[in-house]
Amino acid sequence: MRSQWIAKRRGQDNVSQMHYARQGIITEEMEYVAKRENLPVDLIKAEIARGRLIIPANINHVNLEPMCIGIASKCKVNANLGASPNSSNMQEEIDKLHLSIKYGADTVMDLSTGGGNLDEIRTAIINASSVPIGTVPIYQALESVHGNVEKLTPDDFLHIIEKHAQQGVDYMTIHAGILIEHLPLVRNRITGIVSRGGGILAKWMLHHHKQNPLYTHFDHIIEIFKKYDVSFSLGDSLRPGCTHDATDEAQLAELKTLGQLTRRAWEHDVQVMVEGPGHVPMDQIDFNVKKQMEECDEAPFYVLGPLVTDIAPGYDHITSAIGAAIAGWSGAAMLCYVTPKEHLGLPNAEDVRNGLIAYKIAAHAADIARHRPNARDRDDELSHARYNFDWNRQFELSLDPERAKEYHDETLPADIYKTAEFCSMCGPKFCPMQTKVDADALTELEKFLASKEKETAQV
């Protein structure tokens, strides 16, 4: 779909959506997104120009169906996948990609650290994906020096970043906000640094006693991103890894730097979103979202969870979906899903399914709470189907139709029960929704109540 759109842009110095928006040009991607979101295209253009909305759409990802991330649009959900040196391979990750798209992932991040040739895995994922693909290039940079962090050079980082851009990656997590002066601030944390990218850079800075090379070479990265229209996803290397560490001095110091980097990228018309914390008590979530908007001039906020408690390994898709719904309500633009395997191991296909559905619920709940136009239409339609005992329509409108039908059919599998006016919870005699009150009966009741009220008033 995008081949013809992109052909006329190739060869230009800056092909970013923000660059065109700031010139007053409406691209085909903007028009496509406006239709998907049911929003005026002029609003899409204005929000991109302002930096409050991005369309991650690398010019080399031609089979992409454009989408947007921003406060003006629906709350989005990202799914993580990626081959590991200890488990999984390329085909398993492609299967997870298809499953992620099936269950509604708006974007997918390839976090592969092994399990095969990383370039081949990434290329296969991009070629198979109709949704934007994000990566963390520092992982491959480390692999290129066989895991020896100290041997990494700025050129190693830049080489891998440009390779990912050439392959068609739509957005990249760049951990440029963690500075050498931030490292002593983690001394009193329980879990220290939990970001893989942040940990790599911290180790590099501690060894060399030099500033973060992604920070010192940020302008070089900007030049790469301009050529391919890659969006920044500014990584939160010092995100809290437990509720004890939330909203501490280290996290807020990095957030201030991320705001400075956001404005530097915008000076070159490069799109930016900012990544947010992973473990935050419920009462601090709204503050975190508002603080990011303040420090980063309302650039889209992309949060991991956040998890609101630390005591539920195996159920962290739930502990985090609670926080994600609150964050979305407060103004987060995209939620990064967490699976039941978080903190425990590499997720399998069923974990991906459970994590995505939990986060689609959170994002949709946030859209309803923010009173987005038509956000509740599907809920109302399903409620009508439920009241009318239209079981098949209920299944169709569910976020996970197969699971809804599976649970119904565990006890009432026969087709005759698809039209039955009860389920196995209440049975045929106790379902309250069988109490159908017609309009005439209600009119008579209202007359009766009015007469009783009049008698009471006279007394």
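Reply: The crossing of α7 and α8 is right-handed. The contact is formed by Pro137, Ile138, Gln140 and Ala141 on the α7 side, and by Asp156, Phe157, Ile160, Ile161, Lys163 and His164 on the α8 side. Please note that this is a predicted model.

Me: What makes α7 and α9 oblique to each other, and what is the hand of their crossing?

Reply: The axes of helix α7 (residues 137-144) and α9 cross at roughly 50 degrees, coming within 9 Å. Roughly parallel requires an angle under 35 degrees, and roughly perpendicular begins at 65. With roughly 50 degrees, α7 and α9 are therefore oblique. The crossing of α7 and α9 is left-handed. On the α7 side, Ile138, Tyr139 and Leu142 take part, and they meet Arg196, Gly197, Ile200 and Leu201 of α9.

Me: Why is His207 called partly exposed, whereas His209 is called exposed?

Reply: Exposed means over 50% relative accessible area, and buried means under 20%. His207 has 49% relative accessibility, so His207 counts as partly exposed. His209 has a relative accessible area of 65%, so His209 is exposed. His207 belongs to helix α9 (residues 196-208), while His209 is in the loop between α9 and α10 (213-216). His207 and Gly241 are separated by 34 residues in sequence and by 23 Å in space, C-alpha to C-alpha.

Me: How do you know whether Phe389 is buried or exposed?

Reply: The relative accessibility of Phe389 is 6%. Buried means under 20%, so Phe389 counts as buried.

Me: How is Tyr215 classed, and which residues does it touch?

Reply: Tyr215, in helix α10, has 23% relative accessibility. Leaving aside residues up to four places away in sequence, Tyr215 touches Ala176, Leu179, Thr257, Leu261 and Arg264. Tyr215 and Gln458 are 243 residues apart in sequence and 80 Å apart in space, C-alpha to C-alpha.

Me: Why is Glu295 called buried, and what makes its pairing with Lys256 a polar contact?

Reply: Glu295 has a relative accessible area of 10%, and the limit for buried is under 20%; Glu295 is therefore buried. Its place is in helix α13 (residues 282-295). The side chains of Glu295 and Lys256 are joined at 3.3 Å. A polar contact requires N or O atoms within 3.5 Å, and so the pair qualifies as a polar contact. Not counting residues up to four places away in sequence, Glu295 touches Leu255, Lys256, Gly259 and Arg263.

Me: Which residues of α18 are buried, and what covers them?

Reply: Arg403, His408 and Asp409 are buried in helix α18 (residues 401-409). The cover over the buried residues of α18 includes α15 and α17 (391-397).

Me: Which residues have the most contacts inside the largest nonpolar core?

Reply: They are Ile44, Ile55, Ile174, Phe225, Phe232, Leu335 and Tyr359, in a core of 115 residues. Helix α15 (residues 349-369) supplies the largest share of this core, seven residues. Ile44 touches Met30, Val33, Ala34, Leu39, Leu53 and Ile55, not counting residues up to four places away in sequence. In soluble globular proteins, nonpolar side chains tend to be buried together.

Me: Where is there a cis peptide bond?

Reply: The cis peptide bond joins Gly305 and Pro306, with omega about 5 degrees. Pro306 is in the loop between β9 (301-304) and α14 (316-330).

Terms used
Residues are numbered from 1 along each chain as its sequence is written. This is a predicted model: local features need pLDDT of at least 70, side-chain atom pairs count only at pLDDT 80 or more; totals for chains, interfaces and linings use all residues. Side-chain values use heavy atoms; hydrogens and water are left out. Helices (H or I, at least four residues) and strands (E, at least two) are DSSP runs, numbered from the N terminus. Buried means under 20% relative accessible area, exposed over 50%, partly exposed in between (1.4 Å probe, protein chains only). A nonpolar core is a set of buried Ala, Val, Leu, Ile, Met, Phe, Trp, Tyr and Cys residues joined through side-chain atoms within 4.5 Å. Contact means heavy atoms within 4.5 Å. A polar contact is a pair of N or O atoms within 3.5 Å; within protein, one must be able to donate a hydrogen and the other to accept it, and residues adjacent in sequence count only if both atoms are side-chain atoms. Axes are lines fitted to C-alpha atoms, for helices over the stretch in contact, and angles run from 0 to 180 degrees between N-to-C directions. Angles under 35 degrees count as roughly parallel, over 145 as roughly antiparallel, 65 to 115 as roughly perpendicular and the rest as oblique. A crossing is left-handed if the near helix is turned anticlockwise from the far one by less than a right angle, and right-handed if clockwise.
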